[in-house]
Amino acid sequence: MGVSGCGKSAVGSLLADALHVPYVEGDDVHAPENVAKMAAGIALDDADRAGWLAALRERIGTARAQGSGLVVSCSALKRAYRDVLREGDPALRFVHLDGPRAVLECRLQRPGHFMPPSLLDSQLATLQPLQPDEDGIVLDIRQPLPFLLEQILQAARLDSPRPPV
């Protein structure tokens, strides 16, 4: 989880590969209307995100019911959004990829990506960090990808034998 440009896709795909489980890129689940809205520089609101969160919750719930692991990368900016996702699996764990605005701004220079850098402010304003009662860890995006991956895997080993969903 985290704002655009924090590395969710890179870390998520590496984690899924390491765990040998499927990976869901949250951006691919957005309705075309949401993608168009963001591409136009308009921030999504709770109503825009409702269907997207429900679709992600369903995928998480299916993985739980099947007893398989799943890695999902999505912003999950608000506690309420994470609560919806946890409805799919109450044991869901989060990795909040966090870092300085300057690093995020540099990373948002992505040709061809629908999310414009102009929406960073709205995402940072919306972001509610993980609360102490939420199962998850916060990692510094300035660290190299292999280090981030090892930190996630280590946290998963310490928490339980069940792979993170």
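Predicted model: local features only at pLDDT ≥ 70, side-chain atom pairs only at ≥ 80, totals over all residues.

Biologist: How closely do the axes of helix H3 and helix H4 come, and at what angle do they cross?

Modeller: Residues are numbered from 1 along each chain as its sequence is written, and side-chain values use heavy atoms, with hydrogens and water left out. Helices (H or I, at least four residues) and strands (E, at least two) are DSSP runs numbered from the N terminus, and axes are lines fitted to C-alpha atoms, for helices over the stretch in contact, with angles running from 0 to 180 degrees between N-to-C directions. Here the axes of H3 (residues 46-66) and H4 (residues 79-88) come within 7 Å and cross at roughly 30°. That makes H3 roughly parallel to H4, given that angles under 35 degrees count as roughly parallel, over 145 as roughly antiparallel, 65 to 115 as roughly perpendicular and the rest as oblique.

Biologist: Which residues make the contact between H3 and H4?

Modeller: Contact means heavy atoms within 4.5 Å. From H3 the contributors are Asp-46, Arg-49, Leu-53, Leu-56, Arg-57, Ile-60, Gly-61 and Arg-64, and from H4 they are Tyr-81, Val-84, Leu-85, Glu-87 and Gly-88.

Biologist: How should I read a cysteine, and how many disulfides does the structure hold?

Modeller: A disulfide is a covalent bond between the sulfur atoms of two cysteines. The working criterion is a pair of cysteine sulfur atoms within 2.5 Å, and the structure holds zero disulfides. Cys-6 is in none, since the nearest cysteine sulfur, that of Cys-74, is 10 Å away. Cys-106 is likewise in no disulfide, and the nearest cysteine sulfur to it, that of Cys-6, lies 15 Å away.

Biologist: Is Cys-6 buried or exposed, and is Cys-106 buried or exposed?

Modeller: Buried means under 20% relative accessible area, exposed over 50%, and partly exposed in between (1.4 Å probe, protein chains only). Cys-6 counts as buried because its relative accessibility is 2%, whereas Cys-106, at 60%, counts as exposed.

Biologist: Sequence separation and distance in space can be read together; how far apart are Gly-26 and Cys-74 by each?

Modeller: Gly-26 and Cys-74 are 48 residues apart in sequence, yet their C-alpha atoms are 4.7 Å apart in space. Gly-26 lies in the loop between S1 and helix H2 (32-39) and counts as buried, at 0% relative accessibility. Once its neighbours within four places in sequence are left aside, Gly-26 is in contact with Trp-52, Leu-56, Ser-73 and Cys-74.

Biologist: What does Asn-34 contact, its neighbours within four places in sequence left aside?

Modeller: Asn-34, which is found in helix H2 and counts as buried at 6% relative accessibility, is in contact with Leu-44, Asp-48 and Trp-52 on that basis.
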